[in-house]
Amino acid sequence: MALALRFRHLPSLLYGSLLAVTRRRPRAPAGCPALLLDGCRPCVHPMLLTRQMATKRAKGKGQSQARVNISAALVEDIINLEEASEDMQAVVEALKEDFSRNLSVRTSTGALDHIMVLTKDGKFPLNQLGQISQKSPQLVIVNMADFPESTAAATKAIRESGMNLNPEVDGTIIRVPIPKVTREHRESLAKLAKQSTNKSKEALRKVRSKNVNQVKKFKNKVSEDTIWLLEKQIQQMADDAAAELDKLLAAKTKELLG
């Protein structure tokens, strides 16, 4: 009899537990953040629970969080995600260009072209101030006859270019001996590559912080989940760009060290 009574009340107990769980579910906020996700269904509850589930998964060792893919058009009043992505990719492209121009085992005339020279009239690329030519595989000549007053500034710029160059001045002629390709020289270039990558990562962090701060300005105007999703999207973009920087460094280091 007692056993039958227990089973008789079991459905109501299950119903009460289910009701309690349902009440604890987060409600869809105004401007449903589920709509920010591409291909999202009208039901918001699965999306709202994604944040909690992702947080729990993140605690498990070796498990990664699900990626967020927000439609840029739906949040353009809050932040320009396309512009943020372009700014991050610009950092990657700048490092790639720096590696190509300045970090080569053998220094060529082209590597000196874009060294910036600070003059009294402003900053100018070296190739706009002097005529650069390669006298021999071991010597590059910079003729400053057209702008003799900038000879000292050009010499300083070459020396401080980070290319391990020690220019010598003879009137308006700057002689730039090319370092021998020694193991020490290769390792020095690899260190410069690492330093340049770290500077690029710092620039990337600044871009990320700038965009996160932009999103936070709307914390009183949109839902908490919208803010969270946007911050996660920005962090993903920054992580992807940082991974590209690491790949560039690994490839350049392999090239320099041989």
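Mentor: Keep in mind that this is a predicted model.

Trainee: Okay. Which residues of helix H6 are buried?
Mentor: H6 covers residues 151–159, and its buried residues are Thr 151, Ala 154, Thr 155, Ala 157 and Ile 158.

Trainee: Why are they on the same side of H6?
Mentor: Because they cover an arc of only 165 degrees around the axis. As background, an α-helix has 3.6 residues a turn, so residues three or four places apart point the same way.

Trainee: And what covers the buried residues of H6?
Mentor: Several elements do, including strand S1 (116–119), helix H5 (126–129) and strand S4 (139–143). Strands S5 (168–170) and S6 (173–177) are also among them.

Trainee: Let's look at the sheet. What's the strand order?
Mentor: S3-S4-S6-S5, in an open sheet of 4 strands with antiparallel pairing.

Trainee: Which strands stand at the edges?
Mentor: S3 (131–136) and S5. Each has a single partner strand, so one side of each is left without a neighbour in the sheet.

Trainee: How much are neighbouring strands turned against each other?
Mentor: By 25 degrees on average, ignoring direction.

Trainee: Where does H6 pack on that sheet?
Mentor: H6 touches S4, S5 and S6. Its direction makes about 10 degrees with that of S6.

Trainee: How many bridges join S5 to S6?
Mentor: 3, and the two strands run antiparallel. Asp 170 stands opposite Ile 173 in S6.

Trainee: Now Val 142. Buried or exposed?
Mentor: Val 142 is buried, with a relative accessible area of 0%. It sits in strand S4.

Trainee: What does Val 142 touch, skipping residues up to four places away in sequence?
Mentor: Its contacts include Leu 112, Leu 126, Ile 132, Ile 158 and Val 176. Take Leu 126: it is 16 residues from Val 142 in sequence, and the C-alpha to C-alpha distance is 8.8 Å. Ile 158, another contact of Val 142, is one of the buried residues of H6.

Trainee: Back to S1. Which of its side chains are buried?
Mentor: Val 117 and Thr 119, which point to one face.

Trainee: What does S1 form with S2?
Mentor: A hairpin, with 2 residues between the strands. S1 and S2 (residues 122–125) pair antiparallel over 4 bridges. Thr 119 stands opposite Gly 122 in S2.

Trainee: On to the helices. At what angle do H3 and H8 pack?
Mentor: About 10 degrees, with their axes 10 Å apart. H3 and H8 are therefore roughly parallel to each other.

Trainee: Which residues make the contact?
Mentor: From H3, they include Leu 81, Met 88, Leu 95 and Phe 99. From H8, they include Leu 230, Gln 233, Met 237 and Leu 248. The contact divides into 15 nonpolar, 3 polar and 3 charged residues.

Trainee: Last one. What about the angle between H7 and H8?
Mentor: H7 (residues 183–216) packs on H8 at about 170 degrees, with the axes 10 Å apart. That makes H7 roughly antiparallel to H8. Their contact has 16 nonpolar, 4 polar and 11 charged residues.

Technical notes:
Residues are numbered from 1 along each chain as its sequence is written. This is a predicted model: local features need pLDDT of at least 70, side-chain atom pairs count only at pLDDT 80 or more; totals for chains, interfaces and linings use all residues. Side-chain values use heavy atoms; hydrogens and water are left out. Buried means under 20% relative accessible area, exposed over 50%, partly exposed in between (1.4 Å probe, protein chains only). The arc is that of the directions from the helix axis to the C-beta atoms. Contact means heavy atoms within 4.5 Å. Two strands pair if DSSP finds at least two bridges between them. Axes are lines fitted to C-alpha atoms, for helices over the stretch in contact, and angles run from 0 to 180 degrees between N-to-C directions. Angles under 35 degrees count as roughly parallel, over 145 as roughly antiparallel, 65 to 115 as roughly perpendicular and the rest as oblique. Ala, Val, Leu, Ile, Met, Phe, Trp, Tyr, Cys and Pro count as nonpolar, Asp, Glu, Lys and Arg as charged, and the others, Gly among them, as polar.
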